[in-house]
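Subject: Structure for you to look through, with notes

Dear colleague,

I am passing this structure on to you, and below it you will find my notes on what came out of looking through it. Please read them with the structure open beside you.

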Amino acid sequence: MTGNPLLHPWTTPFEVPPFPLIQPDHFAPAFAQGMAEHRAEIAAIGADPAPPDFANTIEAMQRSGRLLARVGAAFSNLVVSLGGPALEAVDREMSPVLAQHWAAVALDPALFRRVSALHDAAPADLAPDQRRLLERTHLGMVRSGAALDEAGRARMAAMSERLAVLHTGFGQNVLHDEKAWHLPLTEADLDGLPSFVRDGARQAAQERGLDGYAITLSRSLIEPFLTFSARRDLRQAAYEAWIARGTHPGAHDNRALIPEILALRQERARLLGYSDFAAYRLADTMAGSPAAAEGLLAEVWEPAKRKAAAERDRLLDAARGDGFNGALAPWDWRYYAERVRRADYAIDEEALKPYFPFAGIQQAAFDTAGRLFGLAFTRQPDVPVYHPDVEAYEVRDAGGHVGVFLSDPYARADKRSGAWMSSYRDQEAMGGPGDRPAPPIIVNNNNFAGGEPALLSFTDAETLFHEFGHALHGLLSRVRYPGQSGTSVRRDFVEFPSQVYEHWLSVPDTLRRYARHHETGEPIPDALIGKLLAARGWNQGFGTVEYTSAALLDMALHQHPDPAGLDVEAFEREFLAGIGMPAEIGIRHRPAHFQHLFAGGGYAAGYYSYMWSEVLDADGFEAFEEAGNPFDPATAARLRVVLAAGDTEDPMALYAGFRGRPPSTAALLRGRELAA
Ligand SMILES: [Zn+2]
């Protein structure tokens, strides 16, 4: 093949991107061609002399931009999974250009006239998925500003472009600070660290060309360090570096970007007739309003603080027993929480870890999908991948090929931190002339510490199941239109499939079968399973406070009346004092590295979504418990309907169809041991 592989049909197995052929400098010309084709298609729809109907307007829009979607998916995945200076430079160059392109499509006057006319005519002969697609296409354009006057539309486009630059800069600044810092350790500094943390620290040092050991700001390394290091001085140094990401004066200081991002979002919301960005954002969610989201957060906040206060008292007992007499600081919490877990529940992370090798837990996630939904995963070594860490699987069910699943499990210096699911190709089956059904290509990224073998913590294993639940949402999608595929649902519904899947890790049958000692193959002893499950309520006060404070701060930032002049750190301090944040617990994400909010707009005024979805997952998993079998086929079949539907139905109606009734918060409060 000669020329730019992004522009040719892909002849690889399952038509995955031909990764080994793709170079960073292929993207700019491919984007240019993709945008040009898309512009021409949109112009043709707008100029169609025939009166607007569903096929010549909405379906034509769904069919447009195929090349751009393909190139965009490859790029947006590679820039965060693979990273590196060349892709990051393309990102800085392309993000404002792409934002401008998408704004121009969403604001196109001729296109909007047709969509609007069709929407007002409300044709009676549409199928339910088509009716919803028309409704949501119209709403999406209105919410982008298509109904504004020309000056308003121009301002919306300019703001989109500027926000794209700021989001890209924000994410790159966090990555910069994560790469720039490490804590070198010698043998003398390893007090308390179990072998898996030492191994991870040795590997991190090697990757940086250092002797000895190093702690980095990767969550899979720093959290275990804070949990086990007996050296309070080193815990403090590591913790302070961790929470300082994005706050260093100079070229990578995110504190300078946040007020501008917030002010632009507020201006957009007001142009569209909303009081603030949170009101704008929440209007198109399952929750429906900031008050509904804040109501749920308020319902857990005070009980969570009470539970955390009881946990703190227990930690202080343990610390006193150690001869420590001061007040606990945030860098002490994880350390003493682990000590108490060992003392009160006779369980410790190091004893558990050998039973959670990555390969075994991933197999557990695969086989759970087999038992629930009849899926089978087969490793495909001939499918090209973009890094040796990545594993490719073909997914099949009784009906044949379902899709491709890529697994990218390990942390790398150039990879974005965190864990996420994404797609290289979304499922669709439009079935028009020239259309072929597109089976999905789904990827899960994690940042587990590597090793031979890689051993997960129980929390890591839950994260693997979480992202795999999102992957199933993409793989099991059975929709016609790409705009309704898989995870393209409301933000506060999208965490339901992922969070409900986490429950199957803790099913004793899963643990007995798959949590096997990596050296002996022995299954995890029943006594250890019992202890593990008994200890699950421990430290939930901490977890709930850490998360809920961040969700409340998100809502407050996006309702601030005058964000342009905001002193972000002063606001954070005063806000946390105002809600009574316990001094010994740090907020889960401080604003300057809160990538959910500022490295993109997806979770802005939307971090509450995890708790909102937890209402659904806690309540939803109880449907299996009520059926008396965590793999109950009839209940699994009803859940599969939710996963297949994508955005073809209202999420509350979908949930009620699965559960037989609307959700209740009771199961969430019981699960977090917050019930009165
Ligand atoms: Zn998720």
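Seven bridges join strand β4, residues 391–397, to strand β5, residues 400–410, and the two run antiparallel; here helices (H or I, at least four residues) and strands (E, at least two) are DSSP runs, numbered from the N terminus, and two strands are said to pair if DSSP finds at least two bridges between them. Within this pairing, V395 has G403 of β5 as its bridge partner. Please keep in mind that this is a predicted model, in which local features need pLDDT of at least 70 and side-chain atom pairs count only at pLDDT 80 or more, whereas totals for chains, interfaces and linings use all residues. Residues are numbered from 1 along each chain as its sequence is written, and side-chain values use heavy atoms, with hydrogens and water left out.

The two strands belong to an open sheet of five strands, in the order β3-β4-β5-β7-β6, with mixed pairing. Its edge strands are β3 (376–379) and β6 (420–425), each of which pairs on one side only. On average, and with direction ignored, neighbouring strands of this sheet are turned by 30° against each other; axes are lines fitted to C-alpha atoms, for helices over the stretch in contact, and angles run from 0 to 180 degrees between N-to-C directions.

Strand β7 pairs with β5 in the parallel sense over six bridges, and with β6 in the antiparallel sense over five bridges. Opposite F448 in β7 stands Y410, while R425 stands opposite I441 of that strand. In a regular strand the side chains alternate between the two faces of the sheet. In β7 both faces are covered, with I441, V443, N445 and N447 buried on one side and I442, N444, N446 and F448 buried on the other; buried means under 20% relative accessible area, exposed over 50%, and partly exposed in between, using a 1.4 Å probe and protein chains only.

Helix α3 (residues 66–81) lies across β5, β6 and β7 (441–448), and runs at about 145° to β6. The helix has 16 residues and reaches 23 Å from its first C-alpha to its last, close to the 22 Å expected at 1.5 Å a residue, where the expected span is 1.5 Å times one less than the number of residues. Twelve of the 16 residues of α3 are buried, including L67, L68, V71 and F75. These buried residues pack against α1 (27–47), α4 (85–106), β5, β6 and β7, contact meaning heavy atoms within 4.5 Å. Just after α3, G83 takes a positive phi of about 65°.

Next comes the metal site. The zinc ion is coordinated at 2.1 Å by H466 (NE2), H470 (NE2) and E495 (OE), and along the chain these donors follow the spacing H-x3-H-x24-E. Donors are N, O and S atoms within 2.8 Å of the metal (3.2 Å for Na, K and Ca), and since water is not among the atoms, sites may look incomplete. H466 and H470 are four residues apart in helix α17 (residues 458–475), and are therefore separated by about one helical turn. Both are buried, H466 with a relative accessible area of 9% and H470 at 7%.

Finally, a search of the whole structure finds 47 salt bridges, a salt bridge being a side-chain nitrogen of Lys or Arg within 4 Å of a carboxyl oxygen of Asp or Glu. R334 forms one with E223, the closest N and O atoms being 3.3 Å apart. Because R334 lies in helix α14 (residues 330–345) and E223 in helix α9 (residues 219–228), the pair ties together parts that are 111 residues apart in sequence. In another salt bridge, between D332 and R232, the closest N and O atoms are 2.6 Å apart. This pair also links distant parts of the chain, with D332 in helix α14 and R232 in helix α10 (residues 232–243), 100 residues apart. D332 is buried, with a relative accessible area of 0%, whereas R232 is partly exposed at 31%. There is also a network of salt bridges that links R132, R136, D284, R490 and D647.

With best wishes
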